[in-house]
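Subject: Model for you to look at

Hello,

Here is the structure I promised to pass on. My notes on the ligand and on some helix pairs follow below it.

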Amino acid sequence: MANRITTLFNIKYPIIQAGMIWCSGWELASAVSNAGGLGIIGSGSMYPDVLDEQITKCKNATNKPFAVNLPMIYPDIDKHIETILKHKVPIVFTSAGNPKTWTKLLKDNGIIVVHVVSSLKFALKSELAGVDAVVAEGFEAGGHNGREETTTMTLIPIVANELKIPLIAAGGIGTGKGMFAALALGADGVQIGSRFVATPESSAHQNFKDTVVNTQDGGTELTLKELTPVRLIKNEFYNQVQTAYQNNATPEDIKNLLGRGRAKKGMFEGDLIEGELEIGQIAGLINEIKPASEIVEEIMTEFNDLKMEINGGGKFGF
Ligand SMILES: Cc1cc2nc3c(=O)[nH]c(=O)nc-3n(C[C@H](O)[C@H](O)[C@H](O)COP(=O)(O)O)c2cc1C
């Protein structure tokens, strides 16, 4: 399937596995790249030496393109950039910050740059900053999220109407039908996070993977909005946050309650009570843990079946 995204990244399918703290290391990224999508190493939870090792392992495990996600709030970002340049990583997805900050340097070094946004305003800012493509992420998504609360269903056509560079849809996509819908709304590709957490290759703790599989619709909420909005599974830690709000907690109180290392505790160490468990609304549709390559194949089969059935004449332009 050739389109602007497969051509830009030199991949077979326009399926991008999202960069995710504590969940997407070299094993998941290389598995998705080997399956014909684009795998992304989530550097936001890695010390610089860990990122160095993860990139080396990824290069050894695949000869296909892969990317690194760089959240700009990362404190040691200069060191991550150094590592990325040293390894000549071909593609970088930046997020959580101003697209102007690193785009030029990365592009001057021959790297393809993609920026993640949650609004039309920042999509257009990213285009102006010179990125090669934009990920527009809706309210349904797992992990940190925009304050605007615009859903993927609404955001994608709004951005697609005005953006000239390729557009990747994220948030609430986990199946071939979801991908078909995203492309019908005007996206050129999809970025999928939550679904790839439930794979043997994801570095998430088994307890977290099992919880994702057991989460039903309504089992997550976007919270901690006065700090950095994040979508969490409604576990004991989430209940503690809700109780704090009911008791009129100040942002400082909430910050103290959150403390440090909650995401690691929940997603990597498997503490389902005290840990922060980040996942998207699509968890309600994830019912089993299966290899990343099977997920990619399943999505493409479902997508292609729909393409034949509904889009026989290619009337949507994809
Ligand atoms: C566990 C988890 C961790 C995430 N960590 C990051 C991250 O470090 N950087 C980032 O840009 N996005 C992060 N995200 C968001 C994803 O990159 C992606 O855009 C999102 O998962 C897409 O929505 P979905 O979960 O409905 O597939 C994370 C998402 C999850 C579920």
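Which atom of Gly19 lies 3.2 Å from an oxygen atom of the ligand? A backbone N or O atom of Gly19 does.

Before the rest, some ground rules. The model is predicted, so local features need pLDDT of at least 70 and side-chain atom pairs count only at pLDDT 80 or more, while totals for chains, interfaces and linings use all residues. Residues are numbered from 1 along each chain as its sequence is written, and side-chain values use heavy atoms, with hydrogens and water left out.

The ligand

There are 22 residues around the ligand, where a residue is near if one of its heavy atoms lies within 4 Å. Asn69, Ser95, Glu137, Gly172 and Ser194 come nearest. Asn69 also has a polar side-chain atom 2.7 Å from a nitrogen atom of the ligand. In the side chain of Gln191, an N or O atom is 2.9 Å from an oxygen atom of the ligand. The cut-off for a polar contact is a pair of N or O atoms within 3.5 Å.

The helix pairs

Helices are DSSP runs (H or I, at least four residues), numbered from the N terminus. Axes are lines fitted to C-alpha atoms over the stretch in contact, and angles run from 0 to 180 degrees between N-to-C directions.

Helix H2 (residues 26-34) and helix H3 (residues 48-61) have axes that come within 9 Å and cross at roughly 30°. H2 and H3 are therefore roughly parallel (angles under 35 degrees). The crossing is right-handed, that is, the near helix is turned clockwise from the far one by less than a right angle. Trp26, Ala29, Ser30 and Asn34 of H2 meet Gln54, Lys57, Cys58 and Ala61 of H3, contact being heavy atoms within 4.5 Å. By class, these residues are four nonpolar, three polar and one charged. Asp, Glu, Lys and Arg count as charged, Ala, Val, Leu, Ile, Met, Phe, Trp, Tyr, Cys and Pro as nonpolar, and the others, Gly among them, as polar.

H3 also packs with helix H4 (residues 77-86), at an angle of about 20° and with the axes 9 Å apart. This crossing is right-handed. Pro48, Leu51, Asp52 and Ile55 of H3 meet Lys79, His80, Thr83 and Lys86 of H4, giving three nonpolar, two polar and three charged residues.

Helix H11 (residues 236-246) and helix H12 (residues 251-258) pack at about 160°, with their axes 10 Å apart. That makes the pair roughly antiparallel (over 145 degrees). Phe237, Gln240, Val241, Ala244 and Tyr245 of H11 touch Ile254, Leu257 and Leu258 of H12. Seven of these residues are nonpolar, one is polar and none is charged.

Regards

Key
Helices (H or I, at least four residues) and strands (E, at least two) are DSSP runs, numbered from the N terminus. Angles under 35 degrees count as roughly parallel, over 145 as roughly antiparallel, 65 to 115 as roughly perpendicular and the rest as oblique. A polar contact is a pair of N or O atoms within 3.5 Å; within protein, one must be able to donate a hydrogen and the other to accept it, and residues adjacent in sequence count only if both atoms are side-chain atoms.
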